[in-house]
Amino acid sequence: FSSLLKAINLSETANALISKNGLKFCSQESKSLQANAYLPSDMFKSFIFNGNPSTFCISLNILLNCVNEFTLYRDDNIFSPIVLRYQSASSPFEIELEEFGVITKCMIRTREPGDILDFSFNPEHVVNKFIMKSEFMKETFQELDSSSACIEIFMCPIKEILRISTKGRYGASYVEFARKSDAVEFWQCNQLQEYRYRIQLVKPSTKALSISKKFSIRIDHRGFLSLQHMVLDQNSQPCFFEFLCSPEVVL
C-alpha cells in the first residue's frame with residue numbers, strides 16, 4: 001500500500017475513488033501527466049462496500065506519513081493487518097491498526113474531489129501494447145541518456161521491433177526489443193507508431209521499476225502513453241499503478 005502511494009506521489013493531494021471494484025487513488029502533475037494506483041477488492045482479506053461509489057480528495061503526504069507510522073509487521077515477519085474505513089461524504093478517511101491488543105487509529109480529513117484532467121484513455125482505442133519484465137526495462141532506462149529532453153518510442157509491425165531512444169548532449173542512444181525477446185511477455189503491434197514524450201514526464205514511472213514485476217507500454221490512436229506497473233503485495237496479490245502522459249511531438 002505504501003509503495004503504491006509513493007509511486008504516484010506527484011502532488012500534495014490525490015483524488016480517491018471507492019467502489020465495489022476496490023480503491024483508486026489519482027494524482028497529477030500539470031496537465032500532461034497523471035498517475036493512478038489501483039487496489040482491487042480481492043486483494044483485501046475483507047472488503048465491505050455499501051451504497052454508491054464515493055469520491056473525495058485527500059492529502060497524499062499525510063496519508064503516506066500515517067501509513068509509514070504504523071508498524072506493519074512484527075519481528076517474526078508476520079504482517080499485522082490494517083483497516084481502511086470511509087463512512088460517507090465529508091467523513092474522515094480512517095486507518096486502523098491493531099497489534100498486541102493495542103489499537104492505533106489515524107483519521108485524515110477529506111474534502112470535495114479536485115479537478116482531474118480526463119485523459120480519455122480507452123483500452124478499446126489502444127493501437128499497440130507490450131508487456132515486459134520490469135528488470136529488463138529498468139536496465140533499458142539506465143542505458144538511455146538522461147540529459148535528453150525527450151524520449152522517443154518507435155513501434156513497427158513489419159520489422160516487429162519496439163525501440164526506445166534518446167538524443168542528449170552525450171549523443172544518441174537506443175534500445176531495441178524484438179517480438180521474440182526474452183524480455184517480452186505480450187506483443188500487440190498493429191501499426192507503425194513513433195512518438196516523442198518529455199523525459200521529465202516519463203521519469204516518475206521509470207523510478208517505480210525497482211518495485212514492480214511487470215511493465216506495460218500502451219499507446220492509443222492519439223499517441224497518448226500509458227505506462228502500467230504490476231506489483232505484488234505481501235500476500236502475492238497483484239496491484240497496479242499507471243502513468244498517463246500526452247505526446248510532445250508527433251513524428
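## Largest cavity

The lining of the largest cavity comprises nine nonpolar residues, with no polar and no charged ones. In this classification Ala, Val, Leu, Ile, Met, Phe, Trp, Tyr, Cys and Pro are nonpolar, Asp, Glu, Lys and Arg are charged, and the others, Gly among them, are polar. The structure is a predicted model, in which local features need pLDDT of at least 70 and side-chain atom pairs pLDDT 80 or more, while totals for chains, interfaces and linings use all residues. Residues are numbered from 1 along each chain as its sequence is written, and side-chain values use heavy atoms, with hydrogens and water left out.

A cavity is a set of points, on a 1 Å grid over the protein atoms alone, where a 1.4 Å probe fits but cannot get out; lining residues have an atom within 4 Å of a point. Points are joined across faces, edges and corners, and the volume is the space filled by probe spheres set on them. The count comes to one cavity of 30 Å³ or more, and the largest cavity holds about 50 Å³. Its lining is formed by Phe141, Ile151, Ile153, Ile164, Val202, Phe215, Ile217, Leu225 and Leu227. Two or more of the lining residues come from each of β10, β15 and β16 (225-232), strands being DSSP runs (E, at least two residues) numbered from the N terminus.

The whole structure has 11 salt bridges, each defined by a side-chain nitrogen of Lys or Arg within 4 Å of a carboxyl oxygen of Asp or Glu. One of them joins Arg179 to Glu160 at 3.1 Å, N to O. Arg179 is in the loop between β12 (171-178) and β13 (184-189), and Glu160 is in the loop between β10 (150-156) and β11 (161-168), 19 residues apart. Arg179 is partly exposed at 42% relative accessible area; this class lies between buried (under 20%) and exposed (over 50%), with a 1.4 Å probe and protein chains only. Glu160 is also partly exposed, at 30%.

Lys214 pairs with Glu185 in a salt bridge, with the closest N and O atoms 3.1 Å apart. Lys214 belongs to strand β15 (residues 214-220) and Glu185 to strand β13, 29 residues apart. In the salt bridge of Arg198 with Glu248, the closest N and O atoms are 3.4 Å apart. Arg198 lies in strand β14 (residues 193-198) and Glu248 in the loop between β17 (238-245) and β18 (249-250), so the pair ties together parts 50 residues apart in sequence.

## A salt-bridge network

Arg85, Glu94, Glu96 and Lys105 are linked in a network of salt bridges.

Note on methods. Helices (H or I, at least four residues) and strands (E, at least two) are DSSP runs, numbered from the N terminus. On a 1 Å grid over the protein atoms alone, a cavity is a set of points where a 1.4 Å probe fits but cannot get out, and a pocket is an open set with protein on both sides within 12 Å along at least five of seven lines; lining residues have an atom within 4 Å of a point.
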